[in-house]
Amino acid sequence: MKGKLIELLESFGYPVFLQGSLGDCAYPESFFTFWNNSSDDNNHYDNEPVSFTWSFDVNFYSVNPELVNNMLLEAKAVLKANGFIISGKGYDLMSDEPTHTGRGMNALIIDNGGT
Amino acid sequence: MCLRFAGTRAVLDLAKMSLSFEGLDEMMKKLERLDKDTKAVTEEALTKAHEIVTAKAEQAIAKSNLPARGHYSHGDTAASLQRTPKIKWSGSEASVDVGFNIRKGGLPSIFLMYGTPKMAKVQSLYDAFYSSQTEGEVINAEKEIFLKAMGEIE
């Protein structure tokens, strides 16, 4: 599911990073970050989990505040079209750099892959 | 969902948590038939829910659990945690505020809860409010209070 999320975010043409992973690197002009919060079991059969709910934070940062607002909503539409469950229109995030602003949303997806 | 946050997410300011679990309506009706004080039971359940979530948040922002073991922490975020349950009624629906008060120094809770591109989030703080484990604990505690009020458990 993480791979699917990254692939969908990369389709917008911006770099995608794990939240917290930039270290000493400079921020790109605009970029996505993500973080996997959990992958809890949903249903079980014969004491084995047969489906999971993955919970991701999906964030977008940019020097362009308007793009920050719009891109998050565009990403929401694409993720929803690909099976993600997203409620609301996101929330503001803090940035390490005064040049950038960010917004984020929580994206859930059911994984019926088993084990 | 038990942790039903109205409006924005908890750390962006205090959020409202209301009662919501399967079977709640039936339990309310039964309490009414038994002539019990449904308002008092509701407030007791919300107070317990607040206690569970707040204790988890408190633990998560202990200096030993913060980035750099709290070296950069001045305690403002911890001080802004809403520790006193304040039950609010809007018609027949009750809620209790949980989370950090941004106007009282809780702004860094946003860094901690969601991280930044250069700093990983404090997962335990996020989980205090949004994990399925917290949700399960809150629901079980609330149901227990209702069942006790109905005299079905001691």
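Residues are numbered from 1 along each chain as its sequence is written, chains are lettered from A and ligands numbered from 1 in the order in which they are written. Because the model is predicted, local features need pLDDT of at least 70 and side-chain atom pairs count only at pLDDT 80 or more, while totals for chains, interfaces and linings use all residues.

**Exercise 1. Describe the make-up of chain A, taking its elements from the N terminus on.**

Step 1. Chain A holds two helices and seven strands, where helices (H or I, at least four residues) and strands (E, at least two) are DSSP runs numbered from the N terminus. Their order is α-β-β-β-β-β-α-β-β.

Step 2. The C-alpha trace of chain A spans about 55 × 30 × 20 Å along its principal axes. Of the 115 residues in chain A, 30% are buried; a residue is buried if 20 or more other C-beta atoms, placed from the backbone, lie within 10 Å of its own, exposed if 12 or fewer, and partly exposed in between.

Step 3. Among the contacts in chain A with a separation of 6 or more, 52% join residues 24 or more positions apart, a contact being a pair of residues whose C-beta atoms, placed from the backbone, lie within 7 Å.

**Exercise 2. Work out which residues of helix H1 (residues 2-10) of chain A are buried, and where they lie around the axis.**

Step 1. The buried residues of H1(A) are Leu5(A), Leu8(A) and Leu9(A). They lie on the same side of H1(A), because they cover an arc of only 95 degrees around the axis, the arc being that of the directions from the helix axis to the C-beta atoms.

Step 2. An α-helix has 3.6 residues a turn, so residues three or four places apart point the same way.

Step 3. Gly3(A), Glu7(A) and Glu10(A), on the other side of H1(A), are exposed. The buried residues pack against strand E1 (16-18), strand E2 (30-41), strand E5 (52-62) and helix H2 (65-81) of chain A.

**Exercise 3. Identify the largest nonpolar core and the element that gives the most to it.**

Step 1. A nonpolar core is a set of buried Ala, Val, Leu, Ile, Met, Phe, Trp, Tyr and Cys residues joined through C-beta atoms within 7 Å. The largest one has 31 residues, and those with the most contacts inside it are Ala45(B), Ala49(B), Val53(B) and Leu125(B).

Step 2. At least two residues each come from strand E1 (15-18), H2, strand E3 (93-98), H4, helix H5 (123-130) and helix H6 (132-149) of chain B, and H2(B) gives the most, with six residues.

Step 3. Leaving aside residues up to four places away in sequence, Leu125(B) touches Ala57(B), Ala60(B), Ile61(B), Leu112(B) and Met113(B). A second, separate core of 20 residues includes Phe31(A), Ala75(A), Leu79(A) and Phe84(A).

**Exercise 4. Trace the sheet of chain B and the helix that packs on it.**

Step 1. Three strands form an open sheet in the order E1-E3-E2, with antiparallel pairing, two strands being paired if DSSP finds at least two bridges between them. E1 and strand E2 (87-90) of chain B are the edge strands, each pairing on one side only.

Step 2. Four bridges join E2(B) to E3(B); Ile87(B) stands opposite Val96(B), and Ser90(B) opposite Glu93(B). These two strands, E2(B) and E3(B), form a hairpin with two residues between them, and Gly91(B) in the turn has a positive phi of about 65 degrees.

Step 3. H2(B) packs on the sheet, touching E1, E2 and E3 of chain B, and its direction makes about 20 degrees with that of E3(B); axes are lines fitted to C-alpha atoms, for helices over the stretch in contact, and angles run from 0 to 180 degrees between N-to-C directions.

Conventions. Two residues are in contact if their C-beta atoms, placed from the backbone, lie within 7 Å.
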